[in-house]
Amino acid sequence: MKAEELLKRYAADERDFPGLNLSGADLREANLVNANLAGANLSRSDLREARLGQANLSKADLSKANLSESILWGCDLSAADLSKAQMREADLSGAKLVKACLEKTQLAKACLSDANLSGANLEKAILFEANLRSNSERQTDLSDANLKEADLSYANLSGALLQRANLKRAKLCRAVLGRGNDQSHPTDLSEANLQEADLSFADLTGVNLQKADLRGADLTRTILTDAKLQGAIMPDGKIHD
């Protein structure tokens with residue numbers, strides 16, 4: 001099926017397109033709200049500014065697709081392949097991304113507020129200035145997520161669930177991780193760059209912070225009970241022994 005036919009059938013009130021092959025399709029500014037595209041092949045497709053709110057894209061192949069400024073709020077992207085996709089300034093608020101692959105994905109300034117990213121692979125993803133703040137009782141869920149070497153500089157993770165998340169060697173310069181975060185289960189922040197990060201009021205009990213860079217970080221009322229700090233550079237610049 002070609003993109004033109006898909007949009008024509010959608011305009012005629014058809015919504016079910018599971019397993020569709022539209023690799024490389026031009027769907028810029030397309031309206032596919034509530035469409036069922038489960039298992040579809042949309043790799044390398046141009047979906048800039050597309051409206052896909054509440055769509056079912058579970059297990060879809062969106063690798064290397066361009067979803068910049070697209071609207072994906074409430075979307076089901078469970079187990080979807082979004083590796084190396086361009087998603088700058090995309091709206092993924094409330095989206096379901098359980099076990100999705102977002103390796104090396106560009107998510108700068110994207111909104112992921114209240115999204116479920118549990119078990120997702122975000123290794124080396126770019127989340128510069130991304131909004132991962134929890135705004136409701138649902139909370140942004142990053143439990144068991146792989147954020148190894150991800151760039152979360154200036155990102156807001158206030159209130160996000162980070163239990164068992166892997167943030168080893170992640171870049172979190174001036175990121176907000178405090179202000180209500182409960183990270184009572186060990187989280188790996190070893191070798192992470194946390195320069196000038198806001199960790200105030202965070203519970204970092206048992207967290208691995210070995211060789212992390214905490215220069216200038218705000219540790220006001222941060223709980224560091226049993227945290228591993230060997231070799232960490234502390235806020236005052238001194239190395240913890």
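Modeller: Two cysteine sulfur atoms count as a disulfide if they lie within 2.5 Å of each other. The model is predicted.

Colleague: How many disulfides does a search of the whole structure find?
Modeller: A pair needs its sulfur atoms within 2.5 Å. Searched as a whole, the structure gives a disulfide count of 0.

Colleague: Is Cys111 buried, partly exposed or exposed?
Modeller: Buried requires under 20% relative accessible area, and exposed requires over 50%. Cys111 has 22%, so it counts as partly exposed.

Colleague: And Cys173, buried or exposed?
Modeller: The limit for burial is under 20%. Cys173 has a relative accessible area of 15%, so it is buried.

Colleague: Now the whole chain. How many helices and strands are there in the protein chain, and what is its radius of gyration?
Modeller: The protein chain has 1 helix and 0 strands. For 241 residues the globule rule gives 18 Å, and the chain comes close to that. It is therefore as compact as a globular protein of that length, with a radius of gyration of 19 Å.

Colleague: What box do the C-alpha atoms fill, and what share of the residues is buried?
Modeller: Along the principal axes, the C-alpha box is roughly 65 × 30 × 20 Å. Of the 241 residues in the protein chain, the buried share is 51%.

Colleague: What share of the contacts with a separation of 6 or more comes from residues 24 or more positions apart?
Modeller: Take the contacts in the protein chain with a separation of 6 or more. Residues 24 or more positions apart supply 11%.

Colleague: Which residues touch the most other members of the largest nonpolar core?
Modeller: That core has 78 residues.

Colleague: How far apart in space are Leu52 and Glu103?
Modeller: Along the sequence they are separated by 51 residues. Their C-alpha to C-alpha distance is 21 Å.

Colleague: Which residue is 20 residues from Asp151 in sequence and 4.7 Å from it in space?
Modeller: Asp151 is in the segment after helix 1, and it is buried at 17% relative accessibility. Leaving out neighbours within four places, its contacts include Ala125 and Phe128. The residue at a C-alpha distance of 4.7 Å is Lys171.

Colleague: What is the C-alpha distance between Thr187 and Leu209?
Modeller: Thr187 counts as buried, at 2% relative accessibility. Beyond four places in sequence, it is in contact with residues including Leu162, Val207 and Asn208. Leu209 is 22 residues away in sequence, and the C-alpha distance is 8.7 Å.

Colleague: What separates the C-alpha atoms of Ala227 and Thr205?
Modeller: Ala227 is buried, with a relative accessible area of 17%. Past four places in sequence, it contacts Leu204, Gly206 and Val207. Thr205 lies 22 residues away along the chain, and the C-alpha separation is 5.6 Å.

Colleague: What is the phi of Asp13, and what is that of Ala79?
Modeller: Most residues other than glycine have a negative phi. Asp13 is exposed at 61%, whereas Ala79 is partly exposed at 38%. Each has a positive phi: for Asp13 it is near 75 degrees, and for Ala79 near 60 degrees.

Colleague: Which ring does the charged end of Arg15 sit over?
Modeller: The charged end is 3.7 Å from the ring centre. A charge over a ring must lie within 6 Å of that centre. The ring belongs to Tyr10.

Key. Residues are numbered from 1 along each chain as its sequence is written. This is a predicted model: local features need pLDDT of at least 70, side-chain atom pairs count only at pLDDT 80 or more; totals for chains, interfaces and linings use all residues. Side-chain values use heavy atoms; hydrogens and water are left out. A nonpolar core is a set of buried Ala, Val, Leu, Ile, Met, Phe, Trp, Tyr and Cys residues joined through side-chain atoms within 4.5 Å. Buried means under 20% relative accessible area, exposed over 50%, partly exposed in between (1.4 Å probe, protein chains only). A charge sits over a ring if NZ of Lys or CZ of Arg is within 6 Å of the ring centre and within 35 degrees of the ring normal. Helices (H or I, at least four residues) and strands (E, at least two) are DSSP runs, numbered from the N terminus. The radius of gyration is taken over C-alpha atoms; the globule rule is 2.2 Å times the number of residues to the power 0.38. Contact means heavy atoms within 4.5 Å.
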